[in-house]
Each structure stands twice: as structure tokens, then as C-alpha cells.
Amino acid sequence: MSLDRTSRENLVRALAESVIQHADELTSLDQAIGDGDHGLNMKRGFEAVLATLPGLADKSLPEMLKSIGMTLVMKVGGASGPLVGTFFMELGKALPELPTRAEFVAATDMAINAVKARGRSEAGQKTLLDVLVPVQAVLAAGGDARAIALEAVQAADRTTPMLAIRGRASFLGERSIGHMDPGSRSTSLLIGAAVKVLEFEARS
């Protein structure tokens, strides 16, 4: 996977805009089972990421991802900043500059394990891992961009009937059932934005 400078900038903009444009939706989801600040926090974080362009895109892909992660950790409040930021930072650390698909699969696996450790959580507990883990499985199985994006959407939907075991929503107990996890939704948006850009770049 090779991304030139323009492609890296397109990727950053797509990631940021996917969250910023859905900030109100993410806020509504979080108002139901959390503090109600997920949309605002994520928007603030990705606005801060956008503010580092165009210089951010001058970096190599691994360094760019690490920088995005550090910005999110510093700027996004709540649990989401450390978790999403950790994913980006660890992905950047694990990736070579020009990764093959196999190397990308291995790097995402390492990044997901870092998120699990940071959040002391596993898939099935109504968190962003309920999107990351199944999407990783599709990626590892050789799924194309469309299959990955579809799994991200469906995985977020599958959090709706789940009982929250980790995070703020877990305080609600059974009242958390029937509401989509906001962190899963924002993660699905980021994945959808990323694969759309990467698919386009692969074709061009």
C-alpha cells in the first residue's frame, strides 16, 4: 500500500470530515447512554487534526498516523480520545513505510490489542472493539473495500441490542440495551471513510 502526499492529505480530510459531519448524530447516541459529549469531543479532536494540515501530510504514513493519534489523545475528552488515539498511534508504530496487505493486517491486529489493553475490554462489551474486531476479521480474510465498509456499518448496528459491560453506558445496566454504542458508530464512520479513499487510490 503506497500513498503519495496528496493521497495522505485526502485520507486525513476524509477521516476528519466523516466525524465532523456526523457530530450531532454521535452526540444524540451518547445522550441516550453516556455523557452526551462524544460527538463534540470527537469533532474537537478531528478539527485539531485538520489544523495540522498540510504539514501532517508531509510525513510518512506511519509518522502521520502516530501524529493523528497523539493529537486525538490530547484533544478528545472522555474515554474515546485515549482509545481511538491509541489505535492510530499503535498502527503507525507497527506499520512499515510501504506496507503490504499482510503487514497492514498484522499492524491493525497489534493496534487492536493495544486498544484492548488500554480499555481493559474485549469485543462483546458494547465498545468500539465491537467494530474493530469483526472488521479486522474481514480484512484478514481478504475482504475488499466494500466488504470491509459494510461490516463496519453492520457491526455498529449489532451493538444496539447489546448490554454494555464497559464504559459509561455500563452504569445503566439493562437500560443500555436498545441503543447503538456511539464509539462503535464513530469507529464505523472512520473505517468507511478510510476504505473509500484507499479504494479510490488503489484504482487510480
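How many aromatic pairs does the count come to? The count comes to 1 aromatic pair, and its partners are Phe87 and Phe88. Welcome to this structure, which is a predicted model.

**The aromatic pair**

- A pair of aromatic rings is described by the distance of the centres and the angle of the planes.
- For Phe87 and Phe88, the centres are 6.1 Å apart and the planes stand at 85°.
- That geometry counts as edge-to-face, because the angle between the planes is over 60 degrees.
- Are Phe87 and Phe88 buried or exposed? Both of these residues are buried.

**The largest pocket**

- The largest pocket holds about 830 Å³ of space.
- It is lined by 36 residues, and the closest to its centre are Phe104, Leu139, Ala194, Val195 and Leu198.
- Several helices give two or more residues to this lining, among them H1 (5–20), H4 (61–75), H5 (80–94) and H6 (101–119).
- Also on that list are helix H7 (129–140), helix H8 (145–158) and helix H9 (182–203).
- Which helix provides the largest share of the lining? That is H9, with 9 residues.
- Sorted by class, the lining of the largest pocket has 26 nonpolar residues, along with 6 polar and 4 charged ones.

**The second largest pocket**

- The volume of the second largest pocket is about 570 Å³.
- Of its 27 lining residues, Ala79, Ser80, Leu83, Gly167 and Arg168 are the closest to the centre.
- At least two lining residues come from each of helix H2 (23–33), helix H3 (38–50), H5 and H9.
- H5 supplies the largest share here, with 4 residues.
- The class make-up of this lining is 8 nonpolar, 12 polar and 7 charged residues.

**Along helix H6**

- H6 is made of 19 residues, and the distance from its first C-alpha to its last is 27 Å, close to the 27 Å expected at 1.5 Å a residue.
- The buried residues of H6 are Phe104, Val105, Ala107, Thr108, Ala111, Ile112, Ala114, Val115 and Gly119.
- An α-helix has 3.6 residues a turn, so residues three or four places apart point the same way.
- Among the elements that cover the buried residues of H6 are H5 and H7.
- Just after H6 comes Arg120, which takes a positive phi of about 50°.

- Why does Ser184 count as buried? Its relative accessible area is 0%, and the cut-off for buried is under 20%.
- Ser188 is buried as well, because its relative accessible area of 4% is under the 20% cut-off.
- Leaving aside residues up to four places away in sequence, Ser184 touches Thr127, Leu128, Asp130, Val131, Ala156 and Thr159.
- With those sequence neighbours again set aside, Ser188 touches Val131, Ala152, Val153 and Ala156.
- Val131 and Ala156 are contacts of Ser184 and of Ser188 too.
- From Ser184 to Val195 there are 11 residues in sequence and 16 Å in space, C-alpha to C-alpha.

Methods:
Residues are numbered from 1 along each chain as its sequence is written. This is a predicted model: local features need pLDDT of at least 70, side-chain atom pairs count only at pLDDT 80 or more; totals for chains, interfaces and linings use all residues. Side-chain values use heavy atoms; hydrogens and water are left out. Rings of Phe, Tyr and Trp (its six-membered ring) pair if their centres lie within 6.5 Å; planes under 30 degrees apart count as stacked, over 60 as edge-to-face and the rest as tilted. Buried means under 20% relative accessible area, exposed over 50%, partly exposed in between (1.4 Å probe, protein chains only). On a 1 Å grid over the protein atoms alone, a cavity is a set of points where a 1.4 Å probe fits but cannot get out, and a pocket is an open set with protein on both sides within 12 Å along at least five of seven lines; lining residues have an atom within 4 Å of a point. Grid points are joined across faces, edges and corners, and a volume is the space filled by probe spheres set on the points. Ala, Val, Leu, Ile, Met, Phe, Trp, Tyr, Cys and Pro count as nonpolar, Asp, Glu, Lys and Arg as charged, and the others, Gly among them, as polar. Contact means heavy atoms within 4.5 Å. The expected span of a helix is 1.5 Å times one less than its number of residues.
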